[in-house]
Amino acid sequence: MAVIDSLEFARTEQTLRGSLPIPGLARLQDSLHDHLGQVEFAVKGGADARRRPVLTLDIGGTLHLRCQRCLGLLEYPLRLTNTLLLVSRAEVESGALDDGDVEWIIASAELDVASLIEDEIILSLPYAPRHGQGRCTQDSGAVPENTRVSAFAELAALKKDLK
Ligand SMILES: [Zn+2]
C-alpha cells in the first residue's frame, strides 16, 4: 500500500485515489459482520486559508457492521470528508496549535495512507451500531442477552443451594 511524503504531497497538490480491501482493515475486524463491501478513498494535498499544508480525505463505501443487539448484518453507508492539518512534532510539543477546531496529524515523510484511512474510518463509526427501530430481529420481543446471563447465574446459585 502507498506510502507518501506528506509535506511534499501537500506542497505539490497531489491526489491519490484507491480502494481498500476490507480484510486488510485489521483494526476494524471486531466491528464487522463479514468481509464484504468496499472502501474507496481519495487523498488530496493542498493548503488551507492560512497557507498551511493539509491533506483532504474523501472516504466512501459500504461496511458490513455487526448490529450490537442481534449480531446480524448491518449495512453501513460510509461517507466522510475530513481535512487534516500537517504539523511538526515541535509544533505539537510547543503547544503552538491553539486552533481547537482543526484536526491535525504529524507530518511524516513516510505516511502510510491505508493506516490513515483506517484511523479515520474507526473514528467515524458509531460506538455501538444497531439496526433502526423495527428492523432488528431483537425487536420481536426476544430476551436481551444480559437478562439471559443473569437468569443463568440465578439458576447456578439455586443449584448450589440445593447441594
Ligand atoms: Zn439488529
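Q: Before we start, what counts as a buried residue here?
A: A residue is buried if 20 or more other C-beta atoms lie within 10 Å of its own. With 12 or fewer, the residue is exposed. In between, call it partly exposed. Keep in mind that this is a predicted model.

Q: OK. Which residues of α3 are buried?
A: Val113, Ile117 and Ile121. They lie on the same side of α3, because they cover an arc of only 70° around the axis.

Q: Why would residues spaced like that point the same way?
A: An α-helix has 3.6 residues a turn, so residues three or four places apart point the same way.

Q: And what is exposed on the other side of α3?
A: Ile122 and Leu123 are exposed there.

Q: What do the buried residues of α3 pack against?
A: Strands. They pack against β1 (3–4), β2, β3, β4, β5 (73–87) and β7 (111–112).

Q: How far does α3 reach?
A: From first C-alpha to last, α3 reaches 17 Å. It has twelve residues, and the expected value is 16 Å, so the two are close by the rule of 1.5 Å a residue.

Q: Let's zoom out. How many helices and strands are in the protein chain?
A: Four helices and seven strands. Along the sequence, the pattern reads β-α-β-β-β-β-α-β-β-α-α.

Q: How much of the chain is buried?
A: Buried residues make up 17% of the 163 residues.

Q: Now the sheet. What is the strand order?
A: The order is β2-β3-β4-β5-β6. These five strands form an open sheet, and the pairing is mixed.

Q: Which strands stand at the edges?
A: β2 and β6 (103–106). Each has a single partner strand, so one side of each is left without a neighbour in the sheet.

Q: By how much are neighbouring strands turned against each other?
A: By 25° on average in this sheet, direction ignored.

Q: Where does α3 come in?
A: α3 packs on the sheet and touches β2, β3, β4 and β5. The direction of α3 makes about 60° with that of β4.

Q: Back to the strands: in which sense do β2 and β3 pair, parallel or antiparallel?
A: Antiparallel, over six bridges. β2 covers residues 15–20, and β3 covers residues 32–47.

Q: What about β3 and β4?
A: They pair in the antiparallel sense too, over twelve bridges. β4 spans residues 53–66. Here Gly37 has Leu63 in β4 as its bridge partner.

Q: What sits between β3 and β4?
A: Five residues, and the two strands form a hairpin. In the turn, Arg51 has a positive phi of about 65°.

Q: New topic. Where is Gln138?
A: In the loop between α3 (113–124) and α4 (145–162).

Q: Is Gln138 exposed, partly exposed or buried, and why?
A: Gln138 counts as partly exposed, because it has 17 C-beta neighbours inside 10 Å.

Q: Which residues is Gln138 in contact with?
A: Arg69 and Cys70, leaving aside neighbours within four places in sequence.

Q: And how far is Gln138 from Gly72?
A: They are 9.8 Å apart in space, C-alpha to C-alpha. In sequence, 66 residues separate their positions.

Note on methods
Residues are numbered from 1 along each chain as its sequence is written. This is a predicted model: local features need pLDDT of at least 70, side-chain atom pairs count only at pLDDT 80 or more; totals for chains, interfaces and linings use all residues. Two strands pair if DSSP finds at least two bridges between them. Two residues are in contact if their C-beta atoms, placed from the backbone, lie within 7 Å. The arc is that of the directions from the helix axis to the C-beta atoms. Axes are lines fitted to C-alpha atoms, for helices over the stretch in contact, and angles run from 0 to 180 degrees between N-to-C directions.
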